[in-house]
Amino acid sequence: MQKLPGFRDFYPNECAFRNYIFETWRRVARNYAFQEYDGPTLEPTDLYRKKSGEELKTQLFRFNDPGERDVCMRPEMTPTLTRLVAARERDFRKPIKWFSIAPFFRFEKAQRGRLREFYQINCDLIGDASPAADAELLALAVALFRAFGLTQSDFYVRLNNRELWARFLTDRGFPPERLSEFLAIVDKLERDEESTTAKKLGAFGLSLGELKQFLATPTDQLPGFEDLFRELRLRELEPFIQVDLTIVRGLDYYTGLVFEVFDRSRQNRALAGGGRYDGLIKTVSDGAVDLPAAGFAIGDVVLGNLIEEIESARAWAEAYCRAARLQAFVIVAAEERRPEALKLVEQLRSRGCATDYSLHPMKVGKQFQQAEALGAQYALVVGQEWPLLKMKRLADRVEETVSLPELTQKLGLSPAYVPHPYL
Ligand code: HAM
């Protein structure tokens with residue numbers, strides 16, 4: 001049996017890498033004082049009808065459940081989040097700063113960086129419409145990449161404000177209702193042939209030249225970014241951020257700031273995307289709750305590819321995965337000491353030290369091989385010298401004889417937790 005196209009198996013190595021990404025995301029988001037939440041994987045299709053953007057609506061995993069409900073595997077988190085917030089808005093102090101790490105489903109053409117099941121971290125800030133809130137989100141977005149050892153020469157944020165295009169259209173006499181039709185043209189600029197774009201612009205009576213001229217407006221002549229950039233400068237984030245009028249985002253709900261994160265070499269698809277969606281909560285709650293909101297999501301697929309491509313980031317990931325795997329391997333060098341060795345194994349485990357050992361009597365050399373193969377950091381040899389034992393760091397084979405209290409200290413286990421007298 002084959003797995004479905006666009007879906008992944010996670011053998012232990014892939015799972016370790018995925019966990020590295022999740023653990024890093026979670027740590028950084030918490031450092032920025034965002035709280036974790038989650039929602040259901042399956043949602044009523046109506047939730048996405050209201051505002052998800054035309055392209056997304058063609059990519060839904062949609063079916064009738066056995067109770068004849070029209071349902072969808074969630075393609076994104078934002079509509080679910082707005083539902084959660086609208087339902088219990090009064091219970092939470094503003095601004096609401098929440099994040100979530102979860103799987104999503106889109107029936108996309110499988111290609112590099114795009115799968116049918118993928119993970120995202122979503123970070124959203126609700127109840128504050130100021131540039132300070134936008135800057136806080138951008139700072140978190142940048143931090144979520146730097147935490148993997150990625151630098152300003154590896155990735156950058158391309159940022160825009162949809163209002164600039166709204167003004168461009170109204171200045172030329174178009175009604176606001178035509179904005180999303182127009183933004184769809186800008187959104188496809190990089191991928192479409194110039195002749196295709198020119199043809200699409202024809203429907204607006206606009207020329208490609210006119211569009212290009214606007215795109216070339218120097219950043220300091222674009223209104224509305226002053227406060228945001230003052231904040232970004234204070235946080236020393238300017239080198240990571242570039243204003244780019246071609247970024248408009250494919251989702252309909254964005255109202256102002258929009259941004260996407262790309263790798264500098266531009267070999268990959270977008271690493272992340274987000275923006276401000278001040279009207280969505282009101283739409284989803286049928287007018288009951290009206291709160292400004294902004295947020296973004298980073299996907300695990302493109303990020304994973306980028307980490308693999310950048311030598312230092314890959315080495316960092318490998319070191320993390322190795323260290324997370326196994327700290328200690330207890331070697332039974334004298335079978336009559338097996339009871340003590342087993343006690344030691346359980347003691348170490350109960351105090352948070354990932355520990356393994358050989359289930360059956362085995363030559364010492366074989367046990368060392370097993371320790372190496374499992375990637376243990378230390379081999380702990382329990383033999384005749386008990387209660388002293390040999391502690392060998394497998395990376396550089398440095399060996400020393402230690403007492404149990406010394407072992408505790410060297411493994412960085414707090415003596416405060418000791419439930420038994422002998423460690
Ligand atoms: P999005 O741009 O659709 O935004 O997705 C964000 C990121 O998720 C993309 O940049 C990409 O890394 C990843 N992604 C999307 N589709 C796929 C796929 N088929 N395979 C692999 N990765 C994928 C949103 O989802 C918005 N809801 C983000 C947001 C949160 N806006 C406000 N708050």
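Analyst: Helices are DSSP runs of H or I with at least four residues, numbered from the N terminus. The model discussed below is predicted.

User: Which helices each supply at least two residues of the lining of the second largest pocket?
Analyst: The second largest pocket has a volume of about 670 Å³, and 29 residues line it. Those that each supply at least two lining residues are helix H1 (12-31), helix H12 (300-309) and helix H13 (311-325).

User: From which helix does the largest share of this lining of the second largest pocket come?
Analyst: Asn13, Glu14, Ala16, Phe17 and Cys321 are the lining residues closest to the centre of the second largest pocket. Helix H1 covers residues 12-31. With 11 residues, the largest share of the lining comes from H1.

User: How many residues of the lining of the second largest pocket are charged?
Analyst: The lining of the second largest pocket holds 13 nonpolar residues and five polar ones. The remaining class, charged residues, numbers 11.

User: How far apart do the C-alpha centres of domain 1 and domain 2 lie?
Analyst: The domain assignment places domain 1 at 12-319 and domain 2 at 326-410. Along its principal axes the C-alpha trace of the protein spans about 90 × 55 × 45 Å. The separation of the C-alpha centres of the two domains is 48 Å.

User: Which residues is Leu159 in contact with, leaving aside neighbours within four places in sequence?
Analyst: Leu159 is among the residues that touch the most other members of the largest nonpolar core. Its contacts beyond four places in sequence are Leu138, Phe225, Leu228, Phe229, Ile241, Gln242, Val243, Asp244, Leu257, Val258 and Phe259.

User: Which helices do the buried residues of H7 pack against?
Analyst: Helix H7 covers residues 179-187, and its buried residues are Leu179, Phe182, Leu183, Ile185, Val186 and Asp187. An α-helix has 3.6 residues a turn, so residues three or four places apart point the same way. The packing partners of the buried residues of H7 are helix H6 (162-171), helix H8 (194-202) and helix H9 (208-215).

User: What percentage of the protein's residues count as buried?
Analyst: The protein has 16 helices and 16 strands. A residue counts as buried under 20% relative accessible area. Of the 423 residues, the buried share is 49%.

Technical notes
Residues numbered from 1 in each chain as written. Predicted model: local features only at pLDDT ≥ 70, side-chain atom pairs only at ≥ 80, totals over all residues. Heavy atoms only, no water. Domains from an automatic or database assignment. Core = buried A, V, L, I, M, F, W, Y, C linked by side-chain atoms within 4.5 Å. Buried < 20%, exposed > 50% of the residue type's maximum accessible area, 1.4 Å probe, protein only. Contact = heavy atoms within 4.5 Å. 1 Å grid on protein atoms, 1.4 Å probe; cavity = no way out; pocket = protein on both sides within 12 Å on 5 of 7 lines; lining within 4 Å. Points joined across faces, edges and corners; volume = space filled by probe spheres on them. Nonpolar A, V, L, I, M, F, W, Y, C, P; charged D, E, K, R; others polar.
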